[in-house]
Amino acid sequence: MRDPLEGGNTAPAEGGDGRRYVLEDTGFDEVPKKYRRFYRKWKGPGDTLAPNEVLCPVCKVVIRSTRALRDGDRVYCMPCMSRLVVFTNDAGALEARVAY
C-alpha cells in the first residue's frame, strides 16, 4: 500500500480530480509561520469546507491540503498534534476520524 503523504507522484489519484490548490495565508497564528497556510479557523455551522479541507474533530481547526482529499488520506493537525484519517460520511461530506 502506498502512503499518500509521501508525495512524489503528481498524477491524479483514483476518485480524485487531480486538482492542485494554491493555499494562501489565512492569518492562523497557532502554528509556526511555515505551516500557517495549511490551517484556518472554523467559522461555525455556516462555514463550508472545500474538497481540500477537513475539520479536526478535536480542536475544530480546518486542515487544508494542496490537493483534493479523499477516503483513506491521513492528515496531521499540528495545533492539537492529532493524526487523522479522512473518510466520507453518509451525507457524502468528508470528515476526519482520530487515529491517535
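Author: Val62 has a relative accessibility of 0% and therefore counts as buried, a term that denotes under 20% relative accessible area, with exposed meaning over 50% and partly exposed lying in between (1.4 Å probe, protein chains only). The model is a predicted one, in which local features need pLDDT of at least 70 and side-chain atom pairs count only at pLDDT 80 or more, whereas totals for chains, interfaces and linings use all residues. Residues are numbered from 1 along each chain as its sequence is written, and side-chain values use heavy atoms, with hydrogens and water left out.

Val62 belongs to strand β3; strands (E, at least two residues) and helices (H or I, at least four) are DSSP runs numbered from the N terminus. Apart from residues up to four places away in sequence, Val62 touches Phe38, Tyr39, Arg40, Trp42, Leu49, Glu53, Val54 and Leu55, where contact means heavy atoms within 4.5 Å. Phe38 lies 24 residues from Val62 along the chain, and their C-alpha atoms are separated by 8.4 Å.

One of these partners, Val54, has contacts of its own: beyond its neighbours within four places in sequence, they include Val62, Ile63, Val75, Val86 and Leu94. Val54 also figures in the largest nonpolar core, which has 13 residues; Tyr39, Val54, Ile63, Val75 and Leu84 touch the most other members. Such a core is a set of buried Ala, Val, Leu, Ile, Met, Phe, Trp, Tyr and Cys residues joined through side-chain atoms within 4.5 Å. Two or more residues each come from β3 (61-64), β4 and β5.

Strand β5 (residues 82-88) is joined to β6 (residues 94-98) by five bridges in the antiparallel sense. Across this pair, Phe87 stands opposite Glu95 and Thr88 opposite Leu94. Five residues lie between the strands of this hairpin, where Gly92 takes a positive phi near 90 degrees. Ser82, also in β5, is buried at a relative accessible area of 7%. With residues up to four places away in sequence left out, Ser82 touches Val58, Val75, Tyr76, Cys77 and Tyr100.

How values were computed
Pairing = 2+ DSSP bridges.
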